[in-house]
Amino acid sequence: MVKAWLETVEQITRSEGLPVVPDEKSGDPLWIDVRELRLKYLLPIARIKRFFDGLREGRVYATRCPLKNVYYFPPQADCPACMDDNLEWVELSGKGQLLTYTVISVKPASYLHYPDYVVAIARMEEGFNLLCWMAVEDVKTLKIGMPVRLVVKRREPEGFFTYYLEPV
C-alpha cells in the first residue's frame with residue numbers, strides 16, 4: 001500500500017513538476033518532501049528500566065512520589081513536582097474506566113502498515129489517566145464509562161511488548 005502510494009506521488013511529481021499531491025481523504029494539497037527522513041531514537045533508560053523489564057514479564061509499572069502522593073505514567077526517574085529521586089515503583093492494578101476513544105484511520109507514514117486502530121484514554125484505579133491503543137474486535141462494542149483493563153501484548157509485526165487497554 002505504501003509502495004503504491006509512493007509510486008503515485010512520483011508519477012504526479014513528474015507530470016506536474018512539483019511534489020504536491022492531493023490528500024486521499026480531504027483532497028487538500030500536500031507537499032511531499034523528496035528526501036527520506038529516517039530517525040532512530042537512542043534514549044537512556046537505566047533509571048526507568050524496571051518499566052521495560054515489567055513489560056517483558058507481562059506487568060505494567062508506574063512510579064509514585066511518596067512526598068506528593070502522585071503517580072507518574074509513563075514512569076519518571078524524578079518527581080517533576082518536587083525533584084525528589086526516591087520514587088516508588090508501583091505495579092498497576094490494570095483496572096480502569098474508559099473516558100474516550102478515537103479510531104485512527106488516517107495514519108502517519110510510519111504506521112501505514114497497521115490496519116485502522118483505536119486509541120483510548122482510561123481513568124485508572126490509581127487515579128490518573130492513561131492513553132494507549134485499545135485492543136478491540138468491534139469498535140461498536142465500546143461505551144464511554146465501561147470498565148477496561150490494561151494488558152501487555154506483543155505488537156506485531158515489530159514483535160515488541162507494549163501495553164494495551166481492552167474491554168473487561
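What follows is a walk through some local features of this structure, which is a predicted model.

Let's start with helix α2, which spans residues 49–56. Three of its residues, F51, G54 and L55, are buried. These residues sit on the same side of α2, because the arc they cover around the axis is only 100°. Just past the end of α2 comes G58, a glycine with a positive phi of about 85°.

Two of those partner strands, β3 and β5, belong to an open sheet of three strands. Follow the order β4-β3-β5 and you'll find antiparallel pairing. β4 and β5 are the edge strands, each pairing on one side only. From one strand to the next, the twist averages 40°. Zooming in on β3 and β5, the antiparallel pair is held over four bridges, and R64 stands opposite E88 in β5. As a reminder, strands of a sheet pair through backbone hydrogen bonds, either parallel or antiparallel.

Between β3 (61–65) and β4 you'll come across N69, which has a positive phi of about 55° although it is not a glycine. N69 counts as exposed because its relative accessible area is 52%, and the cut-off for exposed is over 50%. A cis peptide bond joins F73 and P74, with omega at about 0°. M83 is found in the loop between β4 and β5 too. M83 is another residue other than glycine with a positive phi, here near 65°. With a relative accessible area of 58%, M83 is exposed.

Now for the cysteines. How many disulfides does a search of the whole structure find? The count is zero. C65 is worth a look here: the nearest cysteine sulfur, that of C79, is 3.7 Å away, and C65 is in no disulfide. The cut-off for a disulfide is a pair of sulfur atoms within 2.5 Å. C65 is buried, at 0% relative accessibility. C132 is buried as well, with a relative accessible area of 7%.

β6 and β9 pair in the antiparallel sense over three bridges, and K95 has R149 in β9 as its bridge partner. β9 also pairs with β10, again antiparallel, this time over eight bridges. In that pairing, V151 has Y164 in β10 as its bridge partner. β9 and β10 form a hairpin with four residues between the strands. Within this hairpin, G159 takes a positive phi near 85°. E156 and P157 are joined by a cis peptide bond, with omega at about 15°.

To finish, take a look at K107, in the loop between β6 (95–104) and β7 (117–124). Is K107 buried or exposed? K107 counts as buried, because its relative accessibility is 14% and the cut-off for buried is under 20%. What does the side chain of K107 make a polar contact with? The partner is the side chain of D116, at 2.7 Å. The K107 side chain also reaches the backbone oxygen of S105, at 3.4 Å. Leaving aside residues up to four places away in sequence, K107 touches L112, Y114, P115, D116 and Y117. So the K107 side chain comes with two named polar partners, D116 and S105, while K107 itself is buried at 14% relative accessibility.

Note on methods: Residues are numbered from 1 along each chain as its sequence is written. This is a predicted model: local features need pLDDT of at least 70, side-chain atom pairs count only at pLDDT 80 or more; totals for chains, interfaces and linings use all residues. Side-chain values use heavy atoms; hydrogens and water are left out. Helices (H or I, at least four residues) and strands (E, at least two) are DSSP runs, numbered from the N terminus. Buried means under 20% relative accessible area, exposed over 50%, partly exposed in between (1.4 Å probe, protein chains only). A polar contact is a pair of N or O atoms within 3.5 Å; within protein, one must be able to donate a hydrogen and the other to accept it, and residues adjacent in sequence count only if both atoms are side-chain atoms. Contact means heavy atoms within 4.5 Å. The arc is that of the directions from the helix axis to the C-beta atoms. Two strands pair if DSSP finds at least two bridges between them. Axes are lines fitted to C-alpha atoms, for helices over the stretch in contact, and angles run from 0 to 180 degrees between N-to-C directions.
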